[in-house]
Amino acid sequence: MDEAIRVFDLERIFLGDKPLLYALEILFRTAVIFLYTLLLLRWMGKRGMSQLTPFEFVLIVALGSAVGDPMFYPDVPLLHAMVVVTGVVLLQRGLVRLTERNERLERFVESAPAALVRDGRLDLRNLHREGLSHAELFEALREQGVEHLGQVRRAYLEPSGKVSVFAFAPREALPGLPVWPDDDPEQPARHPAGGPASRTGPYACSRCGHVVRFLEGEPLLPCDRCGHGEWAEAWRPARLTGRLAEGQAR
């Protein structure tokens with residue numbers, strides 16, 4: 001029968017049931033596994049340490065588990081841990097060689113970039129397929145200096161999980177859905193479909209970013225691209241704003 005645990009027993013908390021000298025063995029185990037793993041990771045190369053694909057991420061998790069246990073568990077031999085670590089790294093290296101020779105396997109393992117924005121409009125199918133929310137995408141776009149979708153010619157979700165953006169030239173930017181946070185005081189007002197347009201100009205669907213021009217007082221129809229029933233006043237580039245002002249003056 002197990003002994004009752006003495007609460008706040010400092011000897012048990014700090015030393016456990018091992019002798020004090022076992023701390024030196026832990027230091028030795030840690031040094032051996034750390035140096036051995038560092039050597040293998042250097043062999044993996046820079047690519048193995050950055051922009052991990054899902055498969056490589058699983059390998060790193062397995063690597064961490066294999067490295068951690070033998071550092072302080074006395075019943076886990078170092079040789080066994082070294083075999084596991086070596087096997088994990090060899091599997092990663094072998095998979096890299098195979099994907100270099102087989103494009104189909106590469107697409108399966110590495111995955112392919114997914115287009116999230118095309119000419120200022122969201123690709124809702126890819127957004128849903130990749131499990132990415134509007135808020136997460138807009139955050140990634142803001143980090144790259146994007147204010148609205150009309151600035152974006154293409155945006156891709158890379159296999160690494162990063163979002164790469166190809167922007168229109170400033171003079172080529174289109175009206176677009178702002179990507180500001182919802183609680184931003186300058187966030188354009190949202191208008192439900194069926195209500196009247198508050199002004200003449202472009203409105204962006206709050207779901208897919210599709211832009212339609214409505215006249216002031218004209219009823220806002222549901223988005224003809226995705227069927228959504230809410231619009232936001234689209235951000236308009238300065239060149240377009242100037243042209244609209246000129247047209248109204250005439």
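Contact on this tour means heavy atoms within 4.5 Å. Two housekeeping notes before you click. This is a predicted model, where local features need pLDDT of at least 70 and side-chain atom pairs count only at pLDDT 80 or more, while totals for chains, interfaces and linings use all residues. Residues are numbered from 1 along each chain as its sequence is written, and side-chain values use heavy atoms, with hydrogens and water left out.

**The whole chain**

Start with a cartoon view. Now colour by accessibility: buried means under 20% relative accessible area, exposed over 50%, and partly exposed in between, with a 1.4 Å probe and protein chains only. Of the 250 residues in the protein chain, 31% come out buried. As for range, take the contacts between residues at least 6 apart in sequence: 60% of them join residues at least 24 apart.

**The largest core**

Next, select V117, L137, F138, L141 and L149. These touch the most other members of the largest nonpolar core, which has 20 residues. A nonpolar core here is a set of buried Ala, Val, Leu, Ile, Met, Phe, Trp, Tyr and Cys residues joined through side-chain atoms within 4.5 Å. Which elements each supply at least two residues of this core? They are β1 (114-118), α7 (134-143), β3 (152-157) and β4 (163-167). The largest share, 4 residues, comes from α7.

Zoom in on L141. Not counting residues up to four places away in sequence, L141 touches V146, L149, A155, V165 and V179. Apart from this core lies another one of 9 residues, including I33, A66, V85 and V89.

**Strands around β3**

Strands count as paired if DSSP finds at least two bridges between them. β1 and β3 pair in the antiparallel sense over 4 bridges, and V117 has A155 as its bridge partner in β3. On to β4: 5 bridges join β3 to β4, and these two strands run antiparallel. Pick V152 and you'll see A167 of β4 standing opposite. The β3-β4 hairpin has 5 residues between its strands, and G161 there takes a positive phi near 95 degrees.

While you're looking at torsions, click D119, in the loop between β1 and β2 (121-122). D119 has a phi near 50 degrees, a positive value in a residue other than glycine. D119 is partly exposed, at 40% relative accessible area.

**Two loop residues**

Now select H148, in the loop between α7 and β3. Is H148 buried or exposed? H148 counts as buried because its relative accessibility is 0%. Beyond its neighbours within four places in sequence, H148 is in contact with L174, P175, G176, L177, P178, V179 and W235. A polar atom of the H148 side chain also lies 3.0 Å from the backbone nitrogen of G150.

Then jump to Q187, in the loop between β4 and β5. Q187 is buried too, with a relative accessible area of 14%. Its side chain reaches the backbone oxygen of P181 at 3.3 Å. Setting aside neighbours within four places in sequence, Q187 is in contact with P178, W180, P181 and D182.

**The open sheet**

Follow the chain into the next sheet. Its 4 strands form an open sheet in the order β5-β8-β6-β7, with antiparallel pairing. The edges are β5 (190-192) and β7 (211-214), each pairing on one side only. β5 is joined to β8 (residues 230-233) by 3 bridges; to see one, select H191 and its bridge partner W231 in β8.

C208 is in no disulfide; its nearest cysteine sulfur, that of C226, is 3.7 Å away. C226's sulfur is 3.6 Å from the closest cysteine sulfur, in C205, and that is too far for a bond. C208 is buried, at 0% relative accessible area, whereas C226 is partly exposed at 23%.

Note on methods: Disulfide = S-S within 2.5 Å. Polar contact = N/O pair within 3.5 Å; in protein donor to acceptor, adjacent residues only side chain to side chain.
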